[in-house]
Amino acid sequence: MNKQTHVVLLGAGAIGVLAAAELAKCPAVKLSVAASGERLERYRKEGIFLNGEKLPLNFVSPEELSAADLVIVATKMTSLREALECVVPAVSEKTVFLPVLNGISASGVIQERFPGSTVLKGFHLGHASVRTGNKISFDGVGAFYCGGEKSALDFAAGVLRTAGVEVETPDNFEIPMWQKFVLNVGINQTQGFFKADYGTVQKDPKMLRFAWDLMEEAVAVGRAAGVQLGDEVIDSAMMVICKMPADVKTSMLQDVEAGRETEVEAFAGTVCHLAEKFGIDVPNNKLVLEKIKGL
C-alpha cells in the first residue's frame, strides 16, 4: 500500500479551505489543519463549512503534528510570522512549503523562518470567496498558481491535482504573481478605502480612476524591481474589475467591515517600501496606507 502524502494546511480561511475541501476527500492524502489555542477549540467545536457543507477536516495542535511532506500556508500576511510557529514540529529539510497568501513577500518570510526547507510561491486567482464566521461561500471560479524550484513544484502541483484542485504552473512565474499583486493593489484597496463592493466601484468613474492610479504606481515599482510588466497589465486588471459580479466584496473590504486588521501593509506597504528604495513617487498608495491603517 502506498504511503499517504502528509499535507498540513496552515490557515483555514477563505482561500485555504478551497484546497482543503478537495484534499480532505483524497485517499492519497493525509490532511492536517494546524491551529492552536482558542482557534483550535473553536474549529473542533464548530467545524468549517463551504457552500453549506461541513468539511471533514482533521484539526491538529502543534504538539500532535507529525512530519509534513507539504505545508500549504494560507493565513493572512498580518498573522503569518506568528502562525508559522504552529507548524514547527512538522517541518524537516524534506518539507515543501507552498504559500498562497496575498502579496509578494510571504515566501521570503517563510524561507527566513525555515531556511532548510524548500519554499515555493503561489496565489489563488479567481472570484473572491466570502467568509462569514466559520461559513465560506465560493462559486468555483478560480485556480491556484504556483512557481519555484522544479522538483518541489512538480511534487506540490501533483499532490493538488491528484486531489482535484485546479493548478497552473506558468513559466516566468514572477510576471503572473505581479499581475495578481497589481490587481489586488487596485481593487482590494479601492474597495477598502471607499467601503464599496464591485458593483459600486464599477458604476463610479472616480473609484475606477483611483484603482487605475493605484495600479499604475504598483506597475512602476515592479518594473523598477526588474519585473517585465507589459503595458497591458492595467487594462487586463480593469477588465477583471469591470466583469466581476456586482455584489462580491474583496477580502480587504470584508476585513474593514468586520473591524479586523487588513492586509494593507502587504499591498500599499510593499508598494511604498519599494518606491522609497527606487525613488518613485506613489501618493495614492501612501494615502491608502495611512487611511486604512488608521481604521
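Colleague: At 43% relative accessibility, how does D235 count: buried, partly exposed or exposed?

Modeller: Keep in mind that this is a predicted model. Buried means under 20% relative accessible area, and exposed means over 50%. D235 has 43%, so D235 counts as partly exposed. The residue sits in helix α9, which spans residues 232-243.

Colleague: How far apart are D235 and W212, in sequence and in space?

Modeller: Along the chain, 23 residues separate D235 from W212. In space, their C-alpha atoms are 8.8 Å apart.

Colleague: C242 also lies in α9. What is the relative accessibility of C242?

Modeller: The value for C242 is 43%, so C242 counts as partly exposed. Set aside neighbours within four places in sequence, and C242 contacts Q202 and L208. Now take V264, which is 22 residues from C242 along the chain. Their C-alpha atoms are separated by 22 Å.

Colleague: On to cores. What should I expect of nonpolar side chains?

Modeller: In soluble globular proteins, they tend to be buried together. Here the largest nonpolar core has 69 residues. The residues with the most contacts inside this core are L80, V87, W178 and I241.

Colleague: Which residues does I241 contact, leaving aside neighbours within four places in sequence?

Modeller: I241 is in contact with L183, I187, Y198, V201, Q202, L208, A211 and M215. There is also a second, separate core. That one has 41 residues, including L31, V96, I136 and L160.

Colleague: Next, helix packing. What describes two packed helices?

Modeller: The angle between their axes and the distance between the axes. Take α11 (residues 264-278) and α12 (residues 283-294). They pack at an angle of about 145°, and their axes are 9 Å apart. The crossing of α11 past α12 is left-handed.

Colleague: Which residues meet there?

Modeller: From α11 come V264, E265, A268, G269, V271 and C272. From α12 come N285, K286, V288, L289, I292 and K293. By type, the residues of this contact are seven nonpolar, two polar and three charged.

Colleague: How do I read cover over a single helix? Which residues of α10 are buried?

Modeller: In α10, M252, L253, Q254, D255 and V256 are buried. Their cover includes β10 (130-132), α6 (174-194), α11 and α12. Just after α10, G259 takes a positive phi of about 75°.

Colleague: How many residues of α1 are buried?

Modeller: Seven of the eight residues in α1 (residues 16-23) are buried, so the helix is mostly covered. The buried ones are G16, V17, L18, A19, A20, A21 and L23.

Colleague: Now a sheet. In what order do the three strands of the open sheet run?

Modeller: The order is β9-β12-β13, and the pairing is mixed. At the edges stand β9 (121-126) and β13 (167-168). Each has a single partner strand, so one side of each is left without a neighbour in the sheet.

Colleague: How many bridges join β12 to β13?

Modeller: Two bridges join β12 (residues 142-147) to β13, and these strands run parallel. Y145 stands opposite E168 in β13.

Colleague: Last, backbone angles. Where does N172 lie, and what is its phi?

Modeller: N172 lies in the loop between β13 and α6. Its phi is near 50°, a positive value in a residue other than glycine. N172 is partly exposed, with a relative accessible area of 47%.

Colleague: What about the phi of K195?

Modeller: K195 has a positive phi of about 55°, although it is not a glycine. K195 is found in the loop between α6 and α7 (198-203). Its relative accessible area is 53%, so K195 is exposed.

Terms used
Residues are numbered from 1 along each chain as its sequence is written. This is a predicted model: local features need pLDDT of at least 70, side-chain atom pairs count only at pLDDT 80 or more; totals for chains, interfaces and linings use all residues. Side-chain values use heavy atoms; hydrogens and water are left out. Axes are lines fitted to C-alpha atoms, for helices over the stretch in contact, and angles run from 0 to 180 degrees between N-to-C directions. Helices (H or I, at least four residues) and strands (E, at least two) are DSSP runs, numbered from the N terminus. A crossing is left-handed if the near helix is turned anticlockwise from the far one by less than a right angle, and right-handed if clockwise. Contact means heavy atoms within 4.5 Å. Ala, Val, Leu, Ile, Met, Phe, Trp, Tyr, Cys and Pro count as nonpolar, Asp, Glu, Lys and Arg as charged, and the others, Gly among them, as polar. A nonpolar core is a set of buried Ala, Val, Leu, Ile, Met, Phe, Trp, Tyr and Cys residues joined through side-chain atoms within 4.5 Å. Buried means under 20% relative accessible area, exposed over 50%, partly exposed in between (1.4 Å probe, protein chains only). Two strands pair if DSSP finds at least two bridges between them.
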